[in-house]
Amino acid sequence: MEEKIKLDIVTPYGSVLSEEVDEVVAGGSEGEFGVLPGHVPFITTLKIGMLDYKKDGRTFHVFVNSGYAEVSDNNVMVLADSAERSEDIDVERAREAMQRAEERMKKEDDLDFVRAETALERAIIRIQVSEKARSI
Amino acid sequence: MPSLRDIKKRIQAVKNTGKITKAMKMVAAAKLRKAQDSMMKMRPYADKMRSVLIGLSEGVERETHPLLAVRPRKTVEVIVMTSDKGLCGAFNANILRAAIKVIDRLKSEGLEVNISTIGRKARDYFKRRSIQTARVWTGLSGKIVYSSAQEVASEVIEGYTSETTDEVILIYNEFRSVIAQKVAQVKLLPIEPPEEDEDTKALAAGDYLIEPSEAEILNRLLPKNIEIQIFRALLESQAAEEAARMTAMENATKNTKEMVERLTLQYNKARQAAITAELMDIVGGAEALKQ
């Protein structure tokens, strides 16, 4: 199996990742999906979550903050609002964000609640991604 | 005739000003490099977004999507983007002049115009003239974050979908090169489906498996497209501002040098005159003693 997939993750702040990988697994809005070489052309929206890719037998994790993915000709292009590799995640900051969000959620303000909820989700997944990477 | 001491003081003052403007030029140059860098970095994202958007919007009826629908124009929102800080030459004056022109033209067509501003200079300008502004954003410059573009976009979109405005125009300074800025005007809403060109080839939507659905993706992409346009404008404006500041400060530094030269000449002349006067005094005194 010599075929590889080209994985690109770009955000408005620049390219986060551009690598030849063996397999990609990401969370689409309709559920998780995996991409192996030779996948059919495919477009989907992504939710806030984790994207895994395998390269030379190792698994890597990336935090992806909503966006969408396009698969074509062994290319996976992910456009995300923001994205961080597991080793680049600032866990300390994520924890602080989590606390802030939780506090805000206690105050009963509908508009704030939704925003706090997504902030909380982001923070939790960031922490998860970084913990998962370290446990290996 | 100013005294020698006065001229000397003046020369020192001008020299100090020159040092400051030179330092500001250097700072602007560094910031410009950074701003240009962020502009480059967001390009691949914007390009890709465009190609997907072209592909998807081909098969869609314009009327079916609230952000694509064209309504008869009654109220137009004009967003004027300036800098927060001054000392950047004609940067802000150019934008404001262009904005007033656009606003006057729209008004002469019998349309209602809502003015929104981004940047302190635009806010102050309209405030001084007691012109009412609808929305005001300041302090977005410096480190430009995507979330500020999102914030602006969401308010603009809300105004459009609630039919408070029927068209949204954004006026900003486009970064052409280090020595040239150009006032640019883009229509944010209703969204014109982007045209295909050599740089961005359309993605053939028919060849793709699409999840959840074409309409659903379009629903998310269209607002994103507006965010991207605003984000791009913010970055361009920032780069243009620093470029304009660099040029302005360079000119200022050059002017101080000229001034120092002129003042030095004046100083030397005054010094010589003083010496001559002194000599005449001495000679006069000696002559008097002889007699």
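In strand 6 of chain B, Ile210(B) is the bridge partner of Ile43(A). That pair belongs to a parallel pairing of strand 5 (residues 42–55) of chain A with strand 6 of chain B, built over 3 bridges. Strands count as paired if DSSP finds at least two bridges between them. Strands themselves are DSSP runs (E, at least two residues), helices are runs of H or I with at least four, and both are numbered from the N terminus.

This is a predicted model, in which local features need pLDDT of at least 70, side-chain atom pairs count only at pLDDT 80 or more, and totals for chains, interfaces and linings use all residues. Residues are numbered from 1 along each chain as its sequence is written, while chains are lettered from A and ligands numbered from 1 in the order in which they are written.

On to confidence: pLDDT is the predictor's confidence in each residue, from 0 to 100. Chain A averages 84, with 94% of the residues at 70 or above, and chain B averages 87, with 92% scoring at least 70. Within chain B, the lowest mean among the elements, 77, falls to strand 6 (residues 209–211), and the highest, 94, to helix 2 (residues 91–108). As a whole, the model scores ipTM 0.74 and pTM 0.83.

Back to where the chains meet: the contact takes 20 residues from chain A and 17 residues from chain B, counting two residues as touching if their C-beta atoms, placed from the backbone, lie within 7 Å. Helix 1 (4–58), strand 6 and helix 5 of chain B each give two or more residues to chain B's side. The largest share, 7 residues, comes from helix 1 of chain B. By class, this side has 12 nonpolar, no polar and 5 charged residues. Here Ala, Val, Leu, Ile, Met, Phe, Trp, Tyr, Cys and Pro count as nonpolar, Asp, Glu, Lys and Arg as charged, and the others, Gly among them, as polar.

Inside chain B, strand 4 (residues 167–177) and strand 5 (residues 180–189) run antiparallel, joined by 9 bridges. They form a hairpin with 2 residues between them, and Phe175(B) sits opposite Gln181(B) in strand 5 of chain B.

Helix 4 (residues 146–161) of chain B also meets helix 5 (residues 214–290) of chain B. Residues in this contact include Tyr146(B) and Ala149(B) from helix 4 and Pro223(B) and Ile226(B) from helix 5. By class, the contact of these two helices has 11 nonpolar, 1 polar and 1 charged residues.

Technical notes
Axes fitted to C-alpha atoms, helices over the stretch in contact; angles between N-to-C directions.
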